[in-house]
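Hi,

Here is the structure I promised to pass on.

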Amino acid sequence: SPRIVISTTAEAFREMERRHGEQIPSYQGDWTPYWEDGAGSSARETAINRNTADRLVQAETLWALLNPAPFPAAQFHEAWRNVMLYSEHTWGAHNSVTEPDIPFVKDQWKIKQAFAVEGERQSKQLLEKAVAPPGSARLEGTIDVFNTTCRVRSEIVFLPKELAAAGERVLSAQGQAVPSQRLSTGELAILATCVPGFSSRRFTLSSGQPVDFGRAAADAPALRNEHLTVRLDPKTGAIVELRTEGNDANIADGGSIAVNDFFFVAGADSQHPQRGGPVKISAKEKGPLVASLLVESDAPGCNKLTREIRLVAGKDYVEIINTIDKKRMEVKPKPGDWNYAGTQTKEGLHFGYAFNVPGGVMRMDIPWAVMR
């Protein structure tokens, strides 16, 4: 003793369970670490960096499809390096929690922040060069839609206002009319169907009436299409009713927590969460291709909270777009509160998702895995 056995982690844990499984205590519920709080303290840059990583994957694919010979490997390497150095486990100085406002801490954050900002700039430049190399010109009124995945996709494409100025009527390369809808933002929504993997479709925009397609409709506080009916609570703006066509069961839990329900936790008092202020619910997009409800409200910890609930004609999913205009906390903590340098208190912003699916299993997509 001891006897050394070379094994995998799985084998070692199976043996541990076989020998001592009955003696090991078991606990349920959340006991989350604080280390990941850094992602919340730098939420803007974290979002930028995650979008940069996605954009680089798209750019690499497009270079491989459209112009593989001069693939700028060194530039991609540098961009990925910035992504990785931002994602590396720390969020600045060692004393960023206890002394957040001293010059040393702020200087360290400038270095960390620069990785995200520079990576974003590089990724946008690489993507632009992939689809519009020097000397190329786009045909007036035409749009190329690329599918950079390996599977056939049929989805809504949202064209920015400046790219959709030619008109609202859309034709395929074969001259067939394509469903489209001008949105309240000036964007143009186009239904691109059956775009093959690693391929593209070309569309032409012109003046004229768009094709009337689909049964997506918004009538506050309700939203519906061919597959789903959604209803919001006029007091909280959360989803309290979610039904599928042909099934009368309400999938949304109508209890103390609804779907996309907002809560704010001040300090460490998780037993008394605060809700947002009075909400205003309006129809942002009225259909028939895209329909959405806009929920606007004041909210504790925020200058403003905006939630958009969206349905697309013919699709069996609900899209939720939450936009938080966050305040910086500058309040004196109560005696005994854990505090940051005596001026900033701990806080948490949460969105609840309570479903009513008896025996159901919730799966969430996380990096490299699915959490059940």
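**What I found**

The protein's secondary structure comes to 5 helices and 21 strands, where helices (H or I, at least four residues) and strands (E, at least two) are DSSP runs numbered from the N terminus. Before you dig in: this is a predicted model, so local features need pLDDT of at least 70 and side-chain atom pairs count only at pLDDT 80 or more, while totals for chains, interfaces and linings use all residues. Residues are numbered from 1 along each chain as its sequence is written, and side-chain values use heavy atoms, with hydrogens and water left out.

**Overall**

The C-alpha trace spans about 75 × 55 × 50 Å along its principal axes. Of the 372 residues in the protein, 31% are buried (buried is under 20% relative accessible area, exposed over 50%, partly exposed in between, with a 1.4 Å probe and protein chains only). Among contacts with a separation of 6 or more, 59% are between residues 24 or more positions apart; a contact means heavy atoms within 4.5 Å.

**The second largest pocket**

This pocket holds about 1,300 Å³ of space. Its lining has 35 residues, and the closest to the centre are Val 131, Ile 143, Asp 144, Val 145 and Phe 146. Two or more lining residues come from each of α3 (43-66), α5 (103-131), β1 (142-147), β2 (153-159) and β6 (188-195). The largest share is from β2, with 7 residues. By type, the lining divides into 19 nonpolar, 6 polar and 10 charged residues.

For your own comparison, the terms are these. On a 1 Å grid over the protein atoms alone, a pocket is an open set of points where a 1.4 Å probe fits, with protein on both sides within 12 Å along at least five of seven lines, and lining residues have an atom within 4 Å of a point. Grid points are joined across faces, edges and corners, and the volume is the space filled by probe spheres set on the points. Ala, Val, Leu, Ile, Met, Phe, Trp, Tyr, Cys and Pro count as nonpolar, Asp, Glu, Lys and Arg as charged, and the others, Gly among them, as polar.

Thr 61 sits in helix α3 and counts as buried because its relative accessibility is 16%. Leaving aside neighbours within four places in sequence, Thr 61 is in contact with Thr 148 and Phe 198. Phe 198 itself belongs to the loop between β6 and β7 (199-206), and its phi is near 50°, a positive value in a residue other than glycine. At 44% relative accessibility, Phe 198 counts as partly exposed. Cys 194, in strand β6, also has a positive phi near 50° without being a glycine; with 46% relative accessibility, Cys 194 is partly exposed.

**The β13 to β16 sheet**

Four strands form an open antiparallel sheet in the order β13-β14-β15-β16 (two strands pair if DSSP finds at least two bridges between them). The edge strands are β13 and β16 (319-326), each pairing on one side only. On average, neighbouring strands here are turned by 15° against each other, direction ignored; the axes are lines fitted to C-alpha atoms, and angles run from 0 to 180 degrees between N-to-C directions.

Strand β14 (residues 290-299) is mostly covered, with 9 of its 10 residues buried. It is joined to β13 (residues 279-286) by 7 bridges and to β15 by 9. Ser 292 is the β14 bridge partner of Glu 285, and in β15 the partner of Ser 292 is Arg 310. Both hairpins have a glycine with positive phi: Gly 287 near 95° in the one of β13 and β14, with 3 residues between the strands, and Gly 301 near 85° in the one of β14 and β15, with 2.

So which residues does Arg 310 touch? Not counting residues up to four places away in sequence, the list is Phe 158, Leu 223, Val 290, Ala 291, Ser 292, Tyr 317, Val 318, Glu 319 and Ile 321. Arg 310 lies in strand β15 (residues 302-312) and, at 13% relative accessibility, counts as buried.

**Cis peptide bonds**

A cis peptide bond joins Ser 1 and Pro 2, with omega about 0°; Pro 2 is in the segment before α1 (9-20). The bond from Ala 220 to Pro 221 is cis too, with omega near 5°, and Pro 221 is in the loop between β8 (217-219) and β9 (222-224).

Cheers
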